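Reader: Could you walk me through this structure, feature by feature? I would like the general idea each time, and then the case at hand.

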Amino acid sequence: MSVVPSVVPAATAPAFRGRIGRDEHSGHYAVPHRYRLHLAPADPGCLGVAVTHGLLGLDDTLPLTVLPALADTPEGGYAVLRPLYEASAHLYRGPAAAPVLSDGWTGRIVSTHVPDIRRDLALRFRGDGPELLPEDRQDEIRAVADLCERSVNAAAQRAGELGLDDTSAHHDPLAVLFAALGSLERRLARGPYVLGDALTAADVTVWVTLVQLDTVHRWHLDAAAMDRVAAHPALWAYAARLAARPAFGRHLDIDALLDRHRAHCRGREAAGAAMRIVDWAAARA
């Protein structure tokens, strides 16, 4: 994959980063029904965890609690998660946010870190599910995740924040965005999935990124930019094809995504980006 420059620094570290180990000597280890996921799928990180959970068929092994799109406490968290946070950190004062992987044996949080949760689901709870993290492709999977976060999500957000007043500054992040989409388009023109013939964790990341781009970031880009975003036929056909699979489409709620966006958005919205590239409701049907 070609290198695409980043436009923002990495995100702040989450509050809890416990891991699921290989066996009982690890403290936390994979036991059916011991753990629970608490997710608000309108959040992109939570949506990626939910898709991973679905692909691995973990409904019976690792139960999932679905939270509403909008937080219900003044600090931006969920009241139902507050006891878990307070049991896990003395005098915790931050938001009780999703996602949470909790341990039913201790009543405490294992992790709130999306990449670690997705990785531990794939490696420790896989069962008969697909091999989402093949050993020989892990560097590529990490590179795709970095591309999506820094050169698609962050670039689209930055372009929207700059608006259209400063043409030069506005087009710098757009150039990063289009380079990233072009890189993904070339990959998908050669095979059905991002890394070739088999679905991996990279596909979960790319799909969630495309959902965000087409339902949230699009409101911050003008019509000309969205025309260029749409001009990647292999990429958007792939997005629709995956949305038709139950593991991907089950937790996709466009209204909830937009509600969350309206509640959190502080950027400037450009005019003209009116039509979605993918009819997500039709893709799921």
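Author: What follows is a short tour of the fold, the core, the aromatic pairs and some backbone details.

Author: Two notes to begin with. This is a predicted model, in which local features need pLDDT of at least 70 and side-chain atom pairs count only at pLDDT 80 or more, while totals for chains, interfaces and linings use all residues. Residues are numbered from 1 along each chain as its sequence is written, and side-chain values use heavy atoms, with hydrogens and water left out.

Reader: Thanks! How many helices and strands are there in the chain?

Author: Helices (H or I, at least four residues) and strands (E, at least two) are DSSP runs, numbered from the N terminus. Here the chain has eleven helices and four strands.

Reader: What share of the residues counts as buried?

Author: Buried means under 20% relative accessible area, exposed over 50%, and partly exposed in between, with a 1.4 Å probe and protein chains only. Of the 285 residues in this chain, 51% count as buried. Accessible areas come from the Shrake-Rupley method with a 1.4 Å probe, and for residues only the protein chains shown count as cover. The accessible surface of the chain is about 13300 Å², and carbon and sulfur atoms hold 52% of that.

Reader: And how should I read contacts in the chain?

Author: A contact means heavy atoms within 4.5 Å. Among the contacts in the chain with a separation of 6 or more, 73% are between residues 24 or more positions apart.

Reader: Which residues have the most contacts inside the largest nonpolar core?

Author: In soluble globular proteins, nonpolar side chains tend to be buried together. A nonpolar core is a set of buried Ala, Val, Leu, Ile, Met, Phe, Trp, Tyr and Cys residues joined through side-chain atoms within 4.5 Å. The largest one here has 84 residues, and those with the most contacts inside it are Leu-37, Leu-81, Leu-121, Leu-177, Trp-207 and Trp-280. Helix H6 gives the most to this core, with nine residues. Trp-207 touches Trp-280 and Phe-248, among others, leaving out residues up to four places away in sequence.

Reader: What does Leu-177 touch?

Author: Leu-177 is in helix H5, residues 167-190, and is buried at 0% relative accessibility. Setting aside residues up to four places away in sequence, Leu-177 touches Ser-151, Val-152, Ala-155, Ala-156, Leu-221 and Val-229.

Reader: Is Thr-205 buried or exposed?

Author: Thr-205, in helix H6, is buried, because its relative accessible area is 14%. Beyond its neighbours within four places in sequence, Thr-205 is in contact with Arg-118, Ala-145 and Cys-148.

Reader: You mention a cysteine. How many disulfides does a search of the whole structure find?

Author: A disulfide is a pair of cysteine sulfur atoms within 2.5 Å. The search finds zero. Cys-46 is buried at 0% relative accessibility, and Cys-148 is buried at 1%.

Reader: Which residues of helix H10 are buried?

Author: An α-helix has 3.6 residues a turn, so residues three or four places apart point the same way. In H10 (residues 254-264), the buried residues are Ile-254, Ala-256, Leu-257, Leu-258 and His-261. Their cover includes helix H6 (201-215) and helix H11 (280-284).

Reader: How many aromatic pairs are there?

Author: Rings of Phe, Tyr and Trp (its six-membered ring) pair if their centres lie within 6.5 Å; planes under 30 degrees apart count as stacked, over 60 as edge-to-face and the rest as tilted. The count comes to seven aromatic pairs. Tyr-35 and Phe-125 are edge-to-face, because their ring centres are 6.0 Å apart and their planes stand at 85 degrees. This pair links distant parts of the chain, 90 residues apart: Tyr-35 is in strand S1 (residues 35-39), and Phe-125 is in the loop between helix H3 (114-124) and helix H4 (138-162). Tyr-85 and Tyr-92 form a tilted pair, at 4.9 Å centre to centre and 35 degrees between the planes. Both of these tyrosines are buried, and together with Phe-16 they form one aromatic cluster.

Reader: Last one: which peptide bond is cis?

Author: The bond from Ala-98 to Pro-99 is cis, with omega near 10 degrees. Pro-99 sits in the loop between helix H2 (82-88) and strand S3 (100-103). Leu-91 lies in that loop between H2 and S3 too, and has a positive phi near 60 degrees.
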